Amino acid sequence: MPYIRPTDHRQPDIAMDDAHHSNASTVLRGALVGCGFFAANQMRAWQELPGVAIVALCDRDAGRLAAFGDTFGIEHRFDDIETLLTQMAVDFVDIAAPTPAHETLVTAAAHYGVDIICQKPFAGSLATARRLINICRKHGVSLTVHENFRWQHAVRRVAELIGEGRIGRPFFGRISYRSGFDVFANQPYLATLERFIIQDLGIHTLDMARALFGDVVRLSCETGRVNPDIAGEDHATLMLRHEAGCVSVVDCSYATTLADDPFPQSLIEVDGDRGSIRLAADFQLTIHEPGGSATIEDVTPTWPAWSEAPWNVIQESVVGLQGDWIERRRAREAAPTAGPDNFNTLALVEAAYQSAATGQSVEPERW
Ligand code: NAD
Ligand code: 89Y
């Protein structure tokens, strides 16, 4: 099974005005919208990647905008996207603002004919996601959701091994993300969300399940909350039936006490009809082969110079996603996590909440 399975292999033709937009040989000019906690990772990744430059920033919060602009040396700063798009010639916007801002920001960028990368969880509802994807199509701009977890080096290696048939046909998978890391310190808004772990984190593990095992025909989900100080669920356990036949278990928790907390790693197990794969927290990947032999690969990533523990697993995947985006932008190819692909991940999130609420298994919507 190939790792990269975009729903659309080609974006619609993109009208380009070379007076205002870079062509293939020039540096791509981007604007970063939303200058908060996570945007710093996206900014550092853009700064280390060749052929691209962030030329403008946008944030509604004047203090954050000033601090971010000063830290990263970006002179052009705007407090609303319309003014930015009117005054600056950019090829793309990289939206690191939270979900409630997506509809306004994506619609504005599409109207101005610039390509869009937008953070997860995209759009806020399946109906809004569908509408925004269609608006982007209508305006001939590409839309990529910043779904970075499947870009982790170790996850890509698992995908590669499955894709090349190393363990035969997968019939069982497990993606397990369990931690007690205090995510609320950096992201206090997470404590206020009625929908917490599936929407914030499970969305990544569900996306990895799709990237590894394909689309999902049916799922069931149980959730619970241990932490009394937050609004939403902080652990969830899902069982998925994939179209290609694999059954997977996706479990996530921010209520798990562990001496060696693996935050923010996902541990992966895959059983195929000709072998099995185990990805451990120390980045040792074991391929178990018929006859009782096993091969161990060290899949420790090369960390970006600017990355810092424990976030380096995520930071490395941000460079992976954004680097791939540049190459595909130049080739006019859709990114693996283009809008329609991400719609199918979002649909799993919706189906999970529906299943947890009803106690029934649910057939997720599909793009
Ligand atoms: P944050 O609150 O720290 O920052 C968001 C920023 O967006 C704020 O500065 C806010 O003023 C600005 N903003 C809001 N609406 C705006 C608008 N209309 N125009 C311009 N600026 C606007 O949030 P964060 O923790 O950085 O999270 C941002 C997004 O990144 C969330 O969707 C979150 O889920 C996501 N995130 C993704 C990952 C990942 O690994 N992919 C990790 C953490 C967070
Ligand atoms: O917001 C989340 C994400 O996308 O990755 C980890 C995180 O920062 C906390 O759960």
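View 1. An oxygen atom of ligand 2 lies 2.7 Å from an N or O atom in the side chain of Y254. Taken alone, ligand 2 exposes 270 Å², of which the protein buries 93%; accessible areas come from the Shrake-Rupley method with a 1.4 Å probe, and for residues only the protein chains shown count as cover. Q187 places an N or O atom of its side chain 2.6 Å from an oxygen atom of ligand 2. For H204, a polar side-chain atom is 2.6 Å from an oxygen atom of ligand 2. A polar contact here is a pair of N or O atoms within 3.5 Å; within protein, one must be able to donate a hydrogen and the other to accept it, and residues adjacent in sequence count only if both atoms are side-chain atoms.

**View 2. The shell around ligand 2.** Ligand 2 is surrounded by K120, F149, V183, Q187, D200, H204, Y254, W311 and I314 (a residue is near if one of its heavy atoms lies within 4 Å). By class, this shell holds five nonpolar, two polar and two charged residues. Ala, Val, Leu, Ile, Met, Phe, Trp, Tyr, Cys and Pro count as nonpolar, Asp, Glu, Lys and Arg as charged, and the others, Gly among them, as polar.

**View 3. Ligand 1 in its surroundings.** Of the 26 residues around ligand 1, F38, D59, K120, N148 and Y189 come nearest. The shell divides into 14 nonpolar, seven polar and five charged residues. R64 has a polar side-chain atom 3.0 Å from an oxygen atom of ligand 1. A nitrogen atom of ligand 1 is 3.3 Å from a side-chain N or O atom of Q119. A polar side-chain atom of R60 lies 3.4 Å from a nitrogen atom of ligand 1. On its own, ligand 1 has 850 Å² of accessible area, and the protein covers 90% of that.

**View 4. D115 in strand β5.** D115 is found in β5 (residues 115-119); strands are DSSP runs of E, at least two residues, and helices runs of H or I, at least four, numbered from the N terminus. D115 counts as buried because its relative accessibility is 1%, under the 20% cut-off. Its side chain reaches the backbone nitrogen of S142 at 2.8 Å. A polar contact of 2.5 Å joins the side chains of D115 and R329.

**Notes.** Residues are numbered from 1 along each chain as its sequence is written, and chains are lettered from A and ligands numbered from 1 in the order in which they are written. In this predicted model local features need pLDDT of at least 70, side-chain atom pairs count only at pLDDT 80 or more, and totals for chains, interfaces and linings use all residues; side-chain values use heavy atoms, leaving out hydrogens and water.

Notes
Buried means under 20% relative accessible area, exposed over 50%, partly exposed in between (1.4 Å probe, protein chains only).
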